[in-house]
Amino acid sequence: MDLALIGAAGAALLLLAISEDLPEVDALLEVKFEEPLRVYTADGSLMAEFGVQRRRAVDFEEIPPQLVEAFIATEDNRFYDHVGFDWIGLLRAATSVVKTGSASQGGSTITMQVARNFFLTPEKTIERKLSEILLAMKVEQALTKNEILELYLNKIFFGHRAYGISAAAEFYYSKTLDQLTLAEMAMLAGLPKAPSANNPLTNPPRARERRDYILDRMVELNFIGAAERDAAQAAPLTATAYVAPIEYRAGYMAEMVRQEMVRRYGEDGAYSLGLKVTTTLDEELQTEVDRSLRRALTAYNRRHGYHGPEARVENVEQSTPEQLDAYLQERPRVPGLPAGVVTAASASAADVYLGGGRTEKLALWQVNWARRYKTEDWRGPKPTRVTDAVATGDVIRLRDDGKGNWLLAQVPKIGGAMVAMSPQDGAIRALSGGYAFEWSKFNRAMDARRQPGSTFKPFVFAAALEKGYTPASLVKDEKIEIHGWKPRNADGKYMGPIRMRVALAKSRNLAIINLIDRMGIDYTVEFIKRFGFSDEDMPRDYALALGSGSATPLQVAGAFAVFANGGYRVEPYFIRRIEDAAGNLLFDAEPRRACTGCWLETPNDEAEILADGASDDPYAERVLDPRVAYNMDSMLKDVVSDGTAARAKRLGRSDIAGKTGTTNDSRDSWFVGYQPELVAVAWMGMDDNRPLGRGEWGGTAALGMWTDFMADALADVPDAQIKRPDGMVAVRVDANSGVATKRGGVVEYIREEYQLMTLGPDPVQYAGPPKRSGGQGPPKRTAPRVMDELF
């Protein structure tokens with residue numbers, strides 16, 4: 001008797017201690033339901049979804065009665081009768097403990113599962129089970145049965161990161177709850193018990209067995225009739241993994257957003273708060289960026305040869321179509337370049353299996369472009385037989401030639417990037433960091449730090465203009481040696497003293513080295529920081545003039561925006577607004593803008609139209625005298641009209657300007673250009689920094705990509721007219737000497753305070769054509785990095 005009393009007292013004390021540690025039931029109603037991160041284009045199309053597959057919580061009234069009955073049949077058929085726990089289930093669990101020595105049986109009611117899932121840990125111990133029972137009783141006292149069911153069905157885990165019945169219906173069937181069939185309801189009801197073992201995607205036989213058991217239970221409990229059960233059990237398994245309904249694909253921009261949301265809200269918050277992010281991405285421009293980049297990289301590959309298959313399937317003759325289907329499903333999906341396996345090949349034809357029972361035949365004319373790549377400057381002979389290009393077992397890519405024919409193709413080995421940005425406010429309107437995000441997730445537009453080559457020269461010329469030089473000032477394009485370094489021009493020739501305008505248009509290396517020598521390296525570096533570059537981006541030596549530092553394509557786009565908008569430093573951005581799951585505004589971009597009206601002429605019969613919420617107040621910092629910006633714009637237009645970017649004249653526009661760039665051995669090919677409404681950067685290069693090969697200059701490879709894009713991007717944009725800033729005067733200068741003249745020559749607009757000093761603060765006198773021998777440079781100079789063939 002004493003022992004019984006002691007035992008009872010001990011049990012009472014244990015229950016009291018557990019009871020005091022239980023959470024308040026009111027907290028159940030404060031649970032936040034998670035939703036994924038969704039990313040949208042500026043046009044409103046869904047472009048990506050990241051995170052959990054859980055959707056909004058549904059009210060009990062939205063859940064079909066048969067779906068509720070399916071869960072009651074399998075999880076807790078006495079749900080409406082007990083007070084939170086079921087003695088029969090607990091006795092079954094206790095019996096299991098006695099027999100096995102471990103708490104392997106659950107015995108949990110739906111109410112107990114709610115208590116456990118919301119508040120308790122999942123370990124199977126006596127103390128945790130007692131806590132579960134006591135908390136379940138508290139829940140039953142605080143909530144109605146339907147409220148408990150609502151919480152349960154919104155909380156329970158269904159596998160594949162789907163939490164809640166609404167999420168499960170969408171993930172497995174892409175349906176709303178009211179669209180589910182009886183068979184589908186039973187299938188979903190079988191998942192919470194064992195989300196992996198009973199999963200229709202990973203274990204269909206076990207999932208069907210569980211579904212049919214639940215349908216039998218529903219008949220036993222008179223929830224459905226035998227005929228309904230038989231029809232449902234005869235239904236095939238139709239579950240498929242949820243795929244977000246992506247309306248527009250732009251993988252590089254979407255990944256940029258994902259990383260930024262993680263930075264702002266942390267891993268958990270970014271993927272669960274239901275954030276809706278609207279970007280600055282313009283779908284039409286993005287489509288053109290992707291098309292132009294892919295076309296340029298493909299053209300390069302065809303010029304330099306076929307690299308062979310991207311993989312091999314051994315003993316392909318013994319593979320079944322199902323095995324090949326599974327293999328091809330694992331290959332990266334590259335837009336426009338489906339993967340295939342060569343199942344047979346002869347001298348005259350090859351069979352290529354593309355999956356799904358589909359085979360295409362390749363004849364010699366469809367592969368005869370594929371001369372084998374040897375080096376960047378050497379290709380093998382043209383194929384004379386199909387087997388010279390492909391072999392049985394090769395994993396290859398095909399592309400449609402637009403006429404219904406499939407041609408042998410390959411994913412380009414060369415890397416590339418393109419950025420299109422608004423110079424008015426820095427909005428990134430289109431961006432691609434490679435041929436396809438699915439193939440390579442490395443974002444070359446954002447993360448590839450490359451030598452900018454001669455695209456850096458305009459910043460040095462701007463520094464000179466700010467210091468008192470003019471477009472008519474002479475610079476020496478002459479032979480020079482600096483501590484053993486012998487820089488040279490791309491053509492190996494010398495033009496002697498030439499005007500700065502000509503030096504930029506023709507991208508003369510020796511002329512700009514002469515200019516930076518006269519200005520001083522420190523002054524030049526400090527001035528160029530105005531464009532957004534840092535000390536880490538620029539070497540403090542003479543090679544600075546040739547772009548021997550490092551920059552990303554996006555960084556260069558932001559810097560050139562200063563020339564395009566009249567001297568304002570705008571910050572590139574790609575997120576326009578962020579909303580939470582309830583639609584509340586969390587962030588609204590208010591970018592600092594350039595003064596558009598200060599820079600561009602507006603036709604008399606047209607009003608200037610700004611974007612919604614935008615202001616023309618010049619909030620952005622003005623880092624360049626508008627007169628310097630005017631001169632630079634004019635000089636950069638000469639690069640197109642009479643310089644290294646002359647191929648861009650095919651656009652037939654008077655308002656485009658830019659600069660080519662090529663680094664040593666053509667390791668980087670650049671073109672950065674703009675029209676006052678759009679700055680665009682095109683870059684091509686190998687990820688391992690190998691040379692691109694002969695002829696792959698900025699004025700050929702990258703410029704082709706740029707003009708291809710701009711031809712469509714500016715198709716409906718009228719030519720823009722730049723306003724000439726106050727404080728400039730027209731001065732007629734001699735085309736050779738740069739000094740003022742009364743007749744002939746060329747007209748330069750010069751800042752009025754320098755109209756009598758056209759040659760700049762330290763004039764170079766013109767003394768006729770250069771001598772071939774050239775001369776020595778200053779004896780004491782900082783030795784530069786190895787840069788001598790940039791243009």
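Me: Which residue lies over the face of Y523, and at what distance from the ring centre?

Reply: This is a predicted model, and in it K467 lies over the face of Y523, at 4.2 Å from the ring centre. A second case involves R294, whose charged end sits over the ring of Y435, 5.8 Å from its centre.

Me: How should I read a pair of aromatic rings, and how many aromatic pairs does a search of the whole structure find?

Reply: A pair of aromatic rings is described by the distance of the centres and the angle of the planes. Here a search of the whole structure finds 20 aromatic pairs. One of them joins Y252 and F437, whose ring centres are 5.2 Å apart and whose planes stand at 85 degrees, so the pair is edge-to-face, planes over 60 degrees apart being counted that way. The pair links distant parts of the chain, since Y252 belongs to helix 11 (residues 251–272) while F437 lies in the loop between strand 13 (428–432) and helix 14 (444–447), 185 residues apart.

Me: Are Y252 and F437 buried or exposed?

Reply: Y252 has a relative accessible area of 5% and is buried; F437, at 18% relative accessibility, also counts as buried, because the cut-off is under 20%. Another edge-to-face pair is formed by F456 and F459, with 5.4 Å from centre to centre and 70 degrees between the planes, and both of these residues are buried.

Me: Which residues form one aromatic cluster with F456 and F459?

Reply: The cluster consists of F456, F459, Y523, F527, F531, F533, F560 and F563. Y523, a member of this cluster, is the residue whose face K467 lies over, and two other members, F531 and F563, are among the residues with the most contacts inside the largest nonpolar core.

Me: What does that largest core contain, and which residues have the most contacts inside it?

Reply: The largest nonpolar core has 139 residues, and those with the most contacts inside it are F531, F563, M632, W706 and F709. Leaving aside residues up to four places away in sequence, F709 touches L285, E288, V289, S292, M418, A420, L678 and A680. A second, separate core has 49 residues, including F79, A183, L191 and I224.

Me: How do I read the burial of a helix, taking helix 17 as the example, and how many of its residues are buried?

Reply: An α-helix has 3.6 residues a turn, so residues three or four places apart point the same way. Helix 17 (residues 509–519) is mostly covered, with 10 of its 11 residues buried; among them are L510, I513, R518 and M519. Its buried residues pack against helix 15 (457–467), strand 14 (474–477), strand 15 (496–499), helix 16 (500–505) and helix 18 (521–528). After helix 17 comes G520, whose phi is positive, near 100 degrees.

Me: In what order do the five strands of the open sheet lie, and which are the edge strands?

Reply: The order is 2-1-3-17-18, and the pairing is mixed. Strand 2 (46–50) and strand 18 (585–588) are the edge strands, each pairing on one side only, and the twist averages 15 degrees from one strand to the next. Within the sheet, strand 3 (residues 276–279) and strand 17 (residues 575–579) pair in the antiparallel sense over four bridges, with T278 standing opposite R577 in strand 17. Helix 11 lies across strand 1 (37–40), strand 2, strand 3, strand 17 and strand 18, and runs at about 35 degrees to strand 2.

Me: Why is strand 22 described as largely enclosed by the rest of the structure?

Reply: Strand 22 (residues 678–685) is so described because eight of its eight residues are buried. L678, A680, A682 and M684 point one way, whereas V679, V681, W683 and G685 point the other way, and all are buried.

Me: Which strands are joined to strand 22, and by how many bridges?

Reply: Strand 12 (residues 415–421) is joined to strand 22 by seven bridges, and strand 21 (residues 668–675) is joined to strand 22 by eight; in each case the strands run antiparallel. A420 stands opposite A680 in strand 22, and V679 is the bridge partner of Y674. A hairpin through two residues joins strand 21 to strand 22.

Notes:
Residues numbered from 1 in each chain as written. Predicted model: local features only at pLDDT ≥ 70, side-chain atom pairs only at ≥ 80, totals over all residues. Heavy atoms only, no water. Phe/Tyr/Trp six-rings, centres within 6.5 Å; stacked < 30°, edge-to-face > 60°. Buried < 20%, exposed > 50% of the residue type's maximum accessible area, 1.4 Å probe, protein only. Lys NZ or Arg CZ within 6 Å of the ring centre and 35° of its normal. Contact = heavy atoms within 4.5 Å. Pairing = 2+ DSSP bridges. Axes fitted to C-alpha atoms, helices over the stretch in contact; angles between N-to-C directions. Core = buried A, V, L, I, M, F, W, Y, C linked by side-chain atoms within 4.5 Å.
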